[in-house]
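Here are some friendly notes to read alongside the model. Please keep the sequence and the 3D view open as you go.

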Amino acid sequence: MQENTAQKEPRAWWKEAVIYQIYPRSFMDANGDGIGDLAGITSRLPYLRELGVDVLWLSPIYASPNDDNGYDISDYRAIMEDFGTMADFDALLAAAHRMGLKIVMDLVVNHTSDEHPWFIESRRAKESPYRDYYIWRPGKAGKEPNNWESCFSGSAWQYDAATDEYYLHLFSKKQPDLNWENPKVRDEVYDLMKFWCDKGIDGFRMDVISMISKDQRFPDGPVKPDGYGDFSPYCVSGPRVHEFLQEMNRRVLSHYDLLTVGEAAGVTIEEAKKYARSDGKELGMVFQFEHVGEGNGKGSIIEKWTTGKPEMPKVRAILNKWQRELAGCAWNSLYLDNHDQPRCVSMFGNDSPKWRVRSAKMLATCLHMQKGTPYIYQGEELGMTNTRFHSLADCRDLEEINAWHQYVDEQKRVSPETMLACFNNVARDNARTPMQWDASENAGFTTGTPWLAVNPNYREINAAAETGDPDSVYAYYKKLIALRHTHEIIVYGTFEPLLEDDPAIYAYARHLDGQTLLVACNWTDHEVPCTLFSDRGEGEELISNVKTEKERTLAPYEARAVLYGKAEA
Ligand code: NOJ
């Protein structure tokens, strides 16, 4: 085992922070309309302060017709009516800052809503000064300009009869892609970013930022099993993406002290090193997707629609690879859950009543002791689980609805039963059910009718029950967060993978200034031999999720982190 202290990482506040993601629609409803809002978030700040997180990332709160729950913006300088007013935002920001909590905004600038004034003007006429704000192309032989499939099913091109051309939408047809080749578009984006920075926000999470630069030849993509083409070779980390981000950095980011994280689906490690370069010329870090996509294709219908689960050795290989490769040259973001993923305890752990609590704590240990900035998604700290969908009528997400229409209704590739089984496994609405605050009706989320049904398990799994219970998942997260704040080795220590061939245990060591932190997590529901700790001798146990540990084994879903050695002065 290495005991060395590698070259010290440059410090930054956002490397030492723990981020909490809020999906405002589902977090807390203060006015009883069934939809979460900003006043609701403000009312729950004490809960977040008590948990100990440092930063709140708000999924989009801007004016939006809500085709994709706010990821389709019609005014970047206004607040969505469902969520409140700009005065509510200012009050939230001020209250958060008073409590020492920072606020990170979601920046959605790969596309706008088709109801944004720029698009309304753009589609009016080919001569419109806004025409080139978006990507318009004539059809080819009466068909779409190329074979690209949108992320939300169907062609990525929408025909518009007014001007007899197609516009590009990598997501829904109500989310036309902005044309980043146009310098005026970039000026507009930088201006709106400055608007929020000047209000005093603390950073940006950048939605699908890896897709803003498209190959201007717009060639057909490799054909997928459903007959459409894959746009990713021509849009993911496209030709000018780094040039654009460096410009954004020069014009905006470098003038403020911000946390920046780019959502970078499909990003390779080589590309990630450029986005998240440690010289600070682009972004602070990226979200890579490899580990959350590990289950794709297993027992699969098509791509993400699967009943399969990820395998720990493969997840470990992916995460260890990112740890190794980014060491010393870029910073990792650490996450298992977000608003686009199924609940991690259901996906990576075991959500049965017997193992839910322990496996949720195990996953948290495994992630939070790694090197990088950890992200907690609302309810993850309670061990919230996937829900159950009994029919399409239970779903709200356009990704689910469109996929159903394409694969079940039109192509008849899948039976409704199989598609529901896939939804119960991977649908995004699993993460979007309302936050479970207490055991009262609608989990204390709303006094009205929730926009998406509450998970029926809220009577057992809720914040009120967990905040008072020292053995809860909540209490465990609180401890993990506090450990990161008090032990530098967890933030800056080098990462050394251990037992890389073990079928059950995910283990690693962290090293800093003569100290070693050993972490071992059993990802299975049976006891397994483990001599890592007994071989090492006496140490200081920082955290464990099992009361009576055995010296040479790990119990089902046991996780343990033990610190050895004294820090050098
Ligand atoms: C990624 C976001 O996380 C997701 O929720 C959204 O649907 C797409 N980008 C499109 O904005």
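1. Start with Trp136, whose bridge partner in β8 is Tyr167. Strands here are DSSP runs (E, at least two residues), numbered from the N terminus. β6 and β8 (residues 165-168) pair in the antiparallel sense over 2 bridges; two strands pair if DSSP finds at least two bridges between them.

2. Now look at the whole sheet: 3 strands form an open, antiparallel sheet in the order β6-β8-β7. Its edge strands, β6 (136-137) and β7 (157-160), each pair on one side only.

3. A word on the source: this is a predicted model, in which local features need pLDDT of at least 70 and side-chain atom pairs count only at pLDDT 80 or more, while totals for chains, interfaces and linings use all residues. Residues are numbered from 1 along each chain as its sequence is written, and side-chain values use heavy atoms, leaving out hydrogens and water.

4. Which residues come nearest to the ligand? Of the 14 around it, they are Asp68, Asp207, His339, Asp340 and Arg428 (a residue is near if one of its heavy atoms lies within 4 Å). By class, this shell has 4 nonpolar, 3 polar and 7 charged residues, where Asp, Glu, Lys and Arg count as charged and Gly is among the polar ones.

5. Finally, the polar contacts (pairs of N or O atoms within 3.5 Å). An N or O atom in the side chain of Asp68 is 2.5 Å from a ligand oxygen atom. For a polar side-chain atom of Asp207, the distance to a ligand oxygen is 2.7 Å, and for one of His339 it is 2.8 Å. The protein buries 98% of the 290 Å² that the ligand exposes when taken alone (Shrake-Rupley method, 1.4 Å probe).

Note on methods
Polar contact = N/O pair within 3.5 Å; in protein donor to acceptor, adjacent residues only side chain to side chain. Helix = DSSP H or I, 4+ residues; strand = E, 2+ residues; numbered from the N terminus.
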